[in-house]
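Please open the structure in a viewer and follow the selections below in order.

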Amino acid sequence: MTDRPDDDVLGDLEPTQVRLRFAPSPTGLLTVGNIRTALFAWAFARHYGGKLVLRIEDTDAARNTPEALQYTLDSLRWLGLDWDEGPEVGGDYGPYLQSERMDIYADVVAKLLSAGRAYHCYCSQEELDQRREAARTAGQHSGYDGHCRNLTEEQVTAYVEEGRRPVVRLRMPDRPIVFEDLVRGEITFLPENLGDYVLVRANGHPLYPLVNPVDDALMEITHVLRGEDLLPSTPRQIALYEALAEIGVGGGRTPRFGHLPFVMGEGNKKLSKRDPGSGLGEYMERGFLPEGLLNYLALLGWSIAEDRDVFTMAEMVEAFDIRKVNANAARFDPKKCEAINAAHMRLLDPEEFGRRMIPFLAKDGMLPAEPSDDQLAVLRAAVPLVQERMNTLSESVDMLGFLFVDETAFTLDPDAAGKVLTGDAGAVLEASVKALGDVEWTTEAIEAALRTSLVDGLGLKPKNAFGPVRVAISGRRVSPPLFESLELLGREKSLHRLEQARSSLPAE
RNA sequence: GCCCCGUUGGUCUAGUGGUCAGGACGUCCGGUUCUCAUCCGGAAGAUCACCGGUUCGAAUCCGGUACGGGGUACCA
């Protein structure tokens, strides 16, 4: 028992008893920061063979929409971060939408109140502000001063008659609260800095500091991984867990916490949903692979080994250890994110690589959503040509569009044409047409014919010889390997484009 | 103001008393080459925030300072 290496993480739990939750508020799109939190919670749960619960914190009705919820679920599915309990999958601890749990909160608050662990506070906003300001200038902490902790019947009656509507506050214990953070170690808060805080608004609306621990307790969550912004409120939540245990709500266990560092953007601020590059949608549209994005995000605060940074999610699950997570904030580096993604692109099975390009080519009208067998054959043949020269899937449009585009819609990039189709390009194209006219249409034969004609015949350097041909048939200065491209394009289209390009050149 | 967290090359990190402080991204140079990539080779880049202490010995332990971040709500 005592020699289990993970005792400081698991305590008396068996690994499979571990229950984590990811609790997004569906106010919009998932950000890379949210995703990193979800990833670590997921990896933690999967590592121990425990459960991951998805709970939706949608108590703020004004900011939540069904669409945003659906988008959140779809996003997690796309990423491959699956959950064992929650929306769309059910579970024994539901409902998993906080908006459907309001009666539960009301019931818990009533119990807290009657047990004396919470009390009504009738202070007005102005009174609070005034006293807070006074405490502050006196160099004291600025939390609630406990004014209404022990009101008499008469005082309460008086307040009620004044028409005051009370909030509900938790009675904080008068002792230090110490806990062992899974990523930061022991953290201590002194009681003088922990004022009684509000659980329920005067209008009856339950607040986050109430519903979050109540749900964690009821759902028997054993480990909480969340952003470091919640660290300062942790002692207050711990006090609530203890109160809940006392009144018999939930499993009676206070979860262990791990506060993850922020993912920072430019400058020194937390990457927010308003920052470009922060939203998952951008990465999906740009054609990042879920495994690539996740791999990069994992690197922000965690590492699998000293000399390794490309790995699969299966490997991450195997190796993940919350104790090895860094406590310091990390800056999101778009370049490295793309580089890690590119590494995963090259690791992909070619068949799979081809499949994943289809939606991107289809989006730009290069291919139908369900390509024909012929189109699939071309795509399959093109994969080896482009797999190692793409960083994201969306680049497939620029890279392969020329193979699929309708002949009438094919155009030359003006910049490429202007720079390459000049001078003796006309002669090069003319010679190319002649050389390819009746050659066997294979990569080898095409290359031989063009080398003989352009390099040997016209005495051009390969670079100058093939440049015009490349622009003529692909429309771009950068393309997959030329001879293979010609073969894939086919004799008819190739010759047609070469002639078109030649005739577009001004007469000498 | 008060409380909490953090600080290793430009960036992400390895590292828990003895290492030439390792790797990756990025950058630069070179090779391969039909473009672009890939791949291969090489280079530059770190007083381990600062000051003091403990120690034969400190990036690693202790204290302080500075700087950065977060919290301090009837937001989440």
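**A helix pair, then the RNA surface**

The crossing of helices α17 and α21 is left-handed (the near helix is turned anticlockwise from the far one by less than a right angle; helices are DSSP runs of H or I with at least four residues, strands are E runs of at least two, numbered from the N terminus). This is a predicted model: local features need pLDDT of at least 70 and side-chain atom pairs pLDDT 80 or more, whereas totals for chains, interfaces and linings use all residues. Residues are numbered from 1 along each chain as its sequence is written, chains are lettered from A and ligands numbered from 1 in the order written, and side-chain values use heavy atoms, without hydrogens and water.

Select residues 425–436 (α17) and 491–504 (α21): the two pack at about 155°, with axes 9 Å apart (axes are lines fitted to C-alpha atoms over the stretch in contact, and angles run from 0 to 180 degrees between N-to-C directions). α17 is therefore roughly antiparallel to α21 (an angle over 145 degrees).

Next, select RNA strand B, which 63 residues surround; the closest are Arg 184, Arg 201, Asp 309, Arg 389 and Arg 470 (near means a heavy atom within 4 Å).

Finally, select α12, which gives the most to the surface near RNA strand B, with four residues.

Conventions:
Parallel < 35°, antiparallel > 145°, perpendicular 65-115°, else oblique.
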